[in-house]
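Biologist: I am new to this structure. Please take a close look at one part for me, the helix packing, and walk me through it step by step.

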Amino acid sequence: MSGAPAIEAVDLVKRFGDFTAVDGVSFSVPEGTVFSMLGPNGAGKTTTVRMMTTLSRPTSGTGRVAGLDVVRDADAVRQRMGLTAQSATVDELLTGRENLRLVGDLYGLDRPTVRRVADELLERFSLDEAGDKVVKEYSGGMRRRLDLAASLVATPPVLFLDEPTTGLDPRSRVELWGVLRDLVRDGTTLFLTTQYLDEADQLADRIVVVDHGRVIADGTPLELKDRSGRASLVVAVSRGDEVRAAEEIVRSEVGELHVDPDARRITAPAEGVAALTRIAARLDEAGIELDDIGLQRPSLDDVFLHLTGHRAEETADAPAAVPAEAEEAVR
Amino acid sequence: MTTAQEHFHAVHTTAGRPNPARQVWALVRRNLTHIKRQPEMLTDVTIQPVMFVLLFAFVFGGSIAIPGVDYKEWLLPGIMAQTMTFSAFIVAIGLNTDLGKGIVDRFRSLPIGRSSVVVARSVSSIIHSMIGIVVMSVTGLFVGWGIHEGVLRGLAGYGLLVLFGFAMIWVGILFGSALRSVEAVQGVMFTTVFPITFLSNAFARTDVMPDWLRFLAEWNPISALVQALRELWGNDGIPLREGAALPLQHPVLTTVIWAVGLSAVLAPLAVRAFVARTND
């Protein structure tokens, strides 16, 4: 069995009436690696996850998890994978511990194992103190951690995570990333969808970018970033009357630049850290006060713009609480 | 790197054997925990029917009853039947809430029987309704209701209630799966099931109704159940009208036929609606 992909999709299609949500998506995820599907809302990420986790039947194409067909061997697939869906799938009226035990009971683990696993997972996800509190009282980050813990009760070798950090504050995101890295270190194969390039960048060995149900690019994070243009240098000047002076200095260091006088912002293709340091020093010498200076990495929007020629427009059902940096990325 | 074999081994050492009875029990326990955490969920089978008893016994009772007959005793089986009919509400709202929250997705991503969620919902709803029936019985004893025909006939009456409740579950699964929100479930069911329980002999005698209304009321399955309870428990102080429709002449048999018949017709529809809803 070793060597066969842990997760594999061949030409997956899902239609809802006239609407094609997923339009011939294929991918293959080697065991023990992290695979990320990156795309805006409505790109078909959740539908793909639902098909791969047996919740939704593909219109055509095949999906395999641990070598098993997601339609024909749905029950066996469910034995071997865990899912942390986008909408919270823990029970608000149960305590954290009760939630985990419920999942253990449903798996048919023997009772002492259920108790032990629930306790272990609560501890591992720093929920042991909140274990006997009703989930309603949990914060967003705690819920996500519990949701993830619930997916791990039967230690599945393959784990699907649908936008695991959407709506989380930056600290909770970083914490969750740490947990996911631990899982991978222990040999779990991860399939994760995200709207955030930096998330895919942090975690994934391989990324596919999807838009309108199709794969529009795939590769390692580095490859994708190379293909989607370079980082840019951004200088934010504090005072409006110093923008011209700052512009002169930046122009002498880089070839082309763009000035937005209203935002007091100068943008230029990045020439590396050395150029950044030089420009910063010269601006400082000239006594020009800055709000900010730095290299801005390509955002998801840049990737999209580059790959598709159109912006990654947000659909109306965008989550209410999008972290600040994500909002920037899709703006 | 760990091999697939080792992973699958890990799965087999921790994942036990899926056991449908245990799955249903675990889910029933979960549903009952909800009631424990939100006792106000029980108002529909406690405060509401008690309110009906008081309202009808003391407000409308005077104008409905026959002088010399205890209306309260005659009324109580009617309200118990109504409470049991409302099991459909309880199932529909519970199921719809779960479907709306995505927790059904969690359950469906686990290796559990497809029907476990629905079976558990049905069982816990019957328990929920039975709590109501107990409350009603106790309330009844306070206002002067009683079972006068012995233990066996008493139990037969309760058995009939539960049987009827099981038929109502299918109505609940159908509505709960087909409608898109809890508000829709409440709206649609309140405007259908609620009046249907009143279009019966539960609260008022059929002999004073206009012909067309009497026809509906006497063929209403709820009337058969109510009449059966009255006869089994000896609460038929107001006698059945001369020449009442056939179902009311043989109320116990009719109730069984209704319960089985409704289940036979509604179960496939309900299962289809649930599968369609969860299968996108």
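Modeller: An axis here is a line fitted to C-alpha atoms, for a helix over the stretch in contact, and angles run from 0 to 180 degrees between N-to-C directions. Keep in mind that this is a predicted model.

Start in chain A. Helix 3 (residues 96-107) of chain A packs against helix 4 (residues 111-124) of chain A at an angle of about 135°. Their axes lie 9 Å apart. Helix 3 of chain A and helix 4 of chain A are therefore oblique to each other. Their crossing is right-handed. Helix 3 of chain A brings Gly96(A), Arg97(A), Leu100(A), Arg101(A), Gly104(A) and Asp105(A) to the contact. Helix 4 of chain A answers with Val114(A), Arg115(A), Ala118(A), Asp119(A), Leu121(A) and Leu122(A). By class, the contact residues are five nonpolar, two polar and five charged.

Now move to chain B. Helix 7 (residues 116-143) of chain B and helix 8 of chain B have axes that come within 10 Å. They cross at roughly 135°. That makes helix 7 of chain B oblique to helix 8 of chain B. The crossing is right-handed. On helix 7 of chain B, the contact residues are Val118(B), Ser122(B), Ile126(B), Met130(B), Ile133(B) and Ser137(B). On helix 8 of chain B, they include Tyr158(B), Leu161(B), Val162(B) and Gly165(B). The contact of helix 7 of chain B with helix 8 of chain B has ten nonpolar residues, three polar and no charged.

Stay with helix 8 (residues 151-178) of chain B, whose axis also comes within 8 Å of that of helix 11 (residues 221-233) of chain B. The crossing angle is roughly 165°. Angles over 145 count as roughly antiparallel. Helix 8 of chain B and helix 11 of chain B are therefore roughly antiparallel to each other. This crossing is left-handed. Residues of helix 8 of chain B in this contact include Arg153(B), Tyr158(B), Leu161(B) and Phe164(B). Tyr158(B) and Leu161(B) also meet helix 7 of chain B. From helix 11 of chain B come, among others, Pro221(B), Leu225(B), Glu231(B) and Trp233(B). The residues of the contact of helix 8 of chain B with helix 11 of chain B divide into twelve nonpolar, two polar and two charged.

Key
Residues numbered from 1 in each chain as written. Chains lettered and ligands numbered in written order. Predicted model: local features only at pLDDT ≥ 70, side-chain atom pairs only at ≥ 80, totals over all residues. Heavy atoms only, no water. Helix = DSSP H or I, 4+ residues; strand = E, 2+ residues; numbered from the N terminus. Parallel < 35°, antiparallel > 145°, perpendicular 65-115°, else oblique. Left-handed = near helix turned anticlockwise from the far one by under 90°. Contact = heavy atoms within 4.5 Å. Nonpolar A, V, L, I, M, F, W, Y, C, P; charged D, E, K, R; others polar.
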